[in-house]
Every structure is written in structure tokens, then in C-alpha cells.
Amino acid sequence: MRKLAFFLFASLFFAACGEDEAPKSPTATVNLHLLGEYNGEPLVLFQPLDYPSGNKIRFQNFNFFASKITLLGAGSTADYQLSSVEFFDFKDNLDLVSAETPLERNYENVPVGTYNGIQIDFGVSEELNNAQSGNLPNDNPLRQAFASHYWSDWDSYIFMKSEGIYDKNGDGVFNQSDQGFEHHPGMDAVLTRVTKMTSITLEEGQTFDLDLVADVFDIYVENGVALDLSDPDNQDTQSLADLPLAKSLMGHWATALKF
Amino acid sequence: MKKIIFCSFAIIFGLISCKDDDDGTVVNPGEDLTAIAYDPTPHTLTIPPGLPSMEIPADNPLTSEGIELGRRLFYDPILSKDSTISCSSCHNLNFSFNDPKAISPGVGGLLGNRSSMSLINVGFQVNGLFWDGRSATLEDQALHPVENPVEMAEIWENVEVKLQRHADYKKRFRQAFGIENSLEITKELAAKALAQFERTLISANSRFDKKRWQQDPNPFLLSDLEVDGQKIFYDDLLGAPGAPTGHCAHCHDGGALYTSEVYRNNAITEVATLNDFPDKGLGAITGNVTDNGMFKSTSLRNIALTAPYMHDGRFQTLEEVIEHYNSGGHYADNVVIGSITPLNLSDYDKQALLAFLHTLTDTTYYENPAFRNPFE
């Protein structure tokens, strides 16, 4: 009899424990797709492209960090950070087929609800930029890109690498007499927050495709005015003297990011 | 009499059990190793300032026994066909685990077409190994040289048999990996041991390390010439008009790694088109023509010890290397000419850059007995 009583008591105890568990909040999945473009067309590296000056431009590398990728809450829905940092690299955009395939990031267990838009810090957020890379796991984007993107002299990650060649003499042929460019903005001062408003409704168990475009044309062209790439002063962003250029390029993410 | 009968039965039964039922070949049952204690000692690496984290694969944790086994395999020519070549033949401790020959001779003196690479701090690399990046992990990398016909020219099956028969290695594989039978010694375990040893090859004690990463307050640690070279290396001139820039760190930063682990065509080979590189490097692996002629940027740590230079060892001195980059090299469509461009460095600038490169030399690791040849 005692055993039976104990068994019943234990059963009640465990059942009670189960009832205390908080009900799971309904969640959804967000698939972020990011397409690299140049002036509205898929960005193909190593291909001559039209620059507003009338000359040709050719990109060889285009990549960047995006941090604090956040869905902006609306009403009772709170803001939700999808990712603390991501590294997007269009290195495989070597032909049209590849260029038409967006980079993809998958975020699961996102609380359902209606969000007002998305907010992204282009670059590496200050707290991450100043953190010690020695503690990062290997699959962290900051560890993966540490060697290639940590600029020791600035104690900062390079936030974006845009590299290529500009047909300076306009002869339609790229060679060493033309102007190479190597824009590597970094430092906390050039971190750029971009907010894009749109209604995003996440339903339980569903996957929401968040399609974004990074248009590198808009990094270089603002209101129809293109950066003068024939000017040697605009060739790179290596020193503090180049800070205004670095800020300008990063600031253009406000228009370069599109739905 | 009973004993004789028993022994006879035992011998006959033993022989029968060693025979394959189908073709009659003798099967080696291996050696039971379970009497040898298996109690590996975990080994924790100390990561010096300036270096990033190092991933240790979950299926190959560092142990004292594994590292020691790896060290022995590294220095043992048993891995080669005729027992003349070991890993250390091309990765010499005294040359920052590199080879002073442009092309290291393999078994029979055969030559390949690429220079050996330094192994110092190799465990921190995450963007491919070899000049062309064809191996993702040290465990995979370690498998290749054994069967390369111009390196060790052996086949792993033979190496496995040699190790399985070797009294000391049987014991050490047991102690490192807990195998129960000598036949469980495999190339995968050998590669794991080699990888463990390679992950310990850490160097971070050059004069520049002390100044930059260890915050050594000694103001005389670097000379004025070396500091000027540092500025040229990192393009750190605060935008001074006309100031010299070397653009070196674009490919050789990465904190105290002194490599950005990028693949670049560094303009050393003149070609008419991207299809014309005699050694396609990364392009041969990816199949992308725009990767042709690209090779991994190596670490400049101990660069003064690792002559000759470039993937084919074409430059004998650092002066030649600096002169190459100062010239801008040979244009090709995949050269990033934003940084590989005529630099117009003065003689003083070149001397300063050279002096700075020498500050990246760390000879203290020579003194680490754990890195030395255990057979000497």
C-alpha cells in the first residue's frame, strides 16, 4: 500500500513539474536572400560594366560584414535580432547563373508576428569589433574572416572590400595603365545603420523569404553623381586621410540595400 | 602428454584460424594491445596575444600522447617509400619548418614544381592549406605528401603495415588513440597525430610581436628604420602627402599571423591570358579561370628564415621580393592592381621595409624541445 501511495505521489509530482513548463511560443523561419547587383543587374565579377562617366569598371571582389540584423517590431511584437553578425561574400559571382543565385542565411525559431521592417548595421558593430578574436569559435564569421579582414593597424575589421579596376583612359581595355581601386573601409566611425520599412508577417511554422539586394552601383553613385575613380585620391581607403571617402562609401548603403 | 596434445591442438587451431577460408592466404590477426594502458593526457594550448582562436576538431582532441606520436611520425622517414624522406626533410625546424631549397627533392631526388611552406602557426589557418588551398584541414593535408610521387612516393597501405609491425608505434598508437589491436593503426590515425603535433607549432615572440601584441614598453625595441618600415608595411602614414605605401598588409595582416590567408595572383608571372599560367594554382582546384595563377599568401612570420620565396622559390632574397613588388610586376586580369602596382619606394623605404620584415623573426621556438627531432 505504501508503495502504491508513493507511486501515485511521484506521478503527481512529475506531472506537476510538466505543467510548470512555459508553453512554447509560436515561431517561424526567416530565409534571408541577398542578391549582389550592379545598377539593377546581377553583379558578375571580372565583367566590364558601364560606369556613369562613360568608361568601364570591373569588380574583382565585393564582400562586407552586416551586423545586428534585426526585424523591427510592430505593436505587441518586439524587435528580434536575427543575427549578431554575418559576412556576405560575392566571390562566386563569376557568371550570370551564379550571380543570379542569392546568398542565403536561414534563421529558425523567430517569434511570429508582424514586423515593420529590417535594420542592419553595415560593418561590424562596435562591441564585436572591439572584442578579442581569440575567443571566437571557428564557425563565427569574424573568426572565418579574421585573417583576411582584420586590419591590425586600425584595431578594426575591414567592414567592406570592394576591389576592381577602372578603365581610366577609356580605351575599352583593362591594363596596368588603368586605375585599380581597393576600397576597404573599417573603424567604428564608418559603421552605418540602415533601416528599411516593410511589413513582414511571420506565421507559425511557416517560412518567410526575405529578399534583399545589395547594389554596389549605389555605393559609388549618389543622386547620379559617381565617385571619380580616375582620381588617385579615390583609389583606396587606407589611411585616416581617407576617412571621409570611407564614410561616404559606407553611408551609401542606405540606398544600396533594397528589397 | 596432455600438455603436448593441448599444445598441438592449439598450434593447429591457431594456424587454421589464421587462414582465410576461401583462398588459403594467411591473415595477420594483429597484436592485442589492450594490456597497454590507455589514459591520454589532455593538452591545452596557450594562445598568445594577437593570434586568433584555433579550432580543435571534436574527433581529434589534443593529448600529450597524440602530439608526441605526431612528432615522431613527422621526423620519421618511415612514411616514405625508401625511408629517406620525412616531413621534416621539407619542413626543417631551423628554417621555420620550411626548406632552404627552392624545390624540395623527394624520394630519388625527384623534384616537384612548388616550394615547401612554413608550418609555423599553421594550426590557425582556416582558409585552405597548400599553395592552392586544396586541403581544408590538417588531418586531410597530412595524407597527401605520402602518396605524392615527387615527395614520399609511398602508398598508405604500406605505411600502415610498417606502423602496425613497429613495436614502438603500436604502443604509441594505443596510448594516443586507444586502439585495441595493432591492425587498427590507419592512415587516418597517423594523420590525426601529425595534425596534433602541427597544431602545437606556435610562434609569437618576435620583436614586433613584443611591441605590437605584448605591449612591451621598451621604446628601443624597434629602431627608427624598422618603425618606418612598419608604417610602409601597414600603409600607416595618416595620409601624409606623398608618403610611401607598401600595400603589404592587404595580403599579410591577420594580426600576429602575418598572413591574410587570401589567394592572389601576385604578378610574378607574365602571361598573355589567364589560361597561360604554367602552374594554375588555385584555378586548378576550383576550375575558375579567374583563379588561375593565384596562390595563398604565406605568413611573413620568420620570413627572413624561409628563403627562397614565392610558390616556386624563384626569389633568393627578400631584397628581390621587395624589388618585385616595387615594380608592380606583370599585369593580368586577376591581379588586384589597387595594391599590386608600382610603389615608387626609395632606397631608404626599401631598406626600412626590409628591416621591418626582420623584426618578424622569432627564434625562441628553436629552443622548444617539444618541436625537435625526438630521434636525435
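1. Buried area is the accessible area (1.4 Å probe) that two parts lose on being put together, summed over both. By that count, chain B and chain A bury about 3,100 Å² between them, and carbon and sulfur atoms give 51% of that area.

2. A quick word on the basis: this is a predicted model, where local features need pLDDT of at least 70, side-chain atom pairs count only at pLDDT 80 or more, and totals for chains, interfaces and linings use all residues. Residues are numbered from 1 along each chain as its sequence is written, chains are lettered from A and ligands numbered from 1 in the order in which they are written, and side-chain values use heavy atoms, with hydrogens and water left out.

3. Who takes part in the contact (heavy atoms within 4.5 Å)? Chain B brings 42 residues and chain A brings 36 residues.

4. Now the charges. The rule finds three salt bridges across this interface, each a side-chain nitrogen of Lys or Arg within 4 Å of a carboxyl oxygen of Asp or Glu. One of them joins A:Glu163 to B:Arg264, at 3.5 Å from N to O.

5. Buried here means under 20% relative accessible area (1.4 Å probe, protein chains only). Among the buried ones are B:Ile67, B:Leu69, B:Arg71 and B:Phe74. The cover includes helices H3 (87-90), H6 (156-165), H7 (167-177) and H8 (187-199) of chain B.

Definitions and conventions: Buried < 20%, exposed > 50% of the residue type's maximum accessible area, 1.4 Å probe, protein only. Helix = DSSP H or I, 4+ residues; strand = E, 2+ residues; numbered from the N terminus. Contact = heavy atoms within 4.5 Å.
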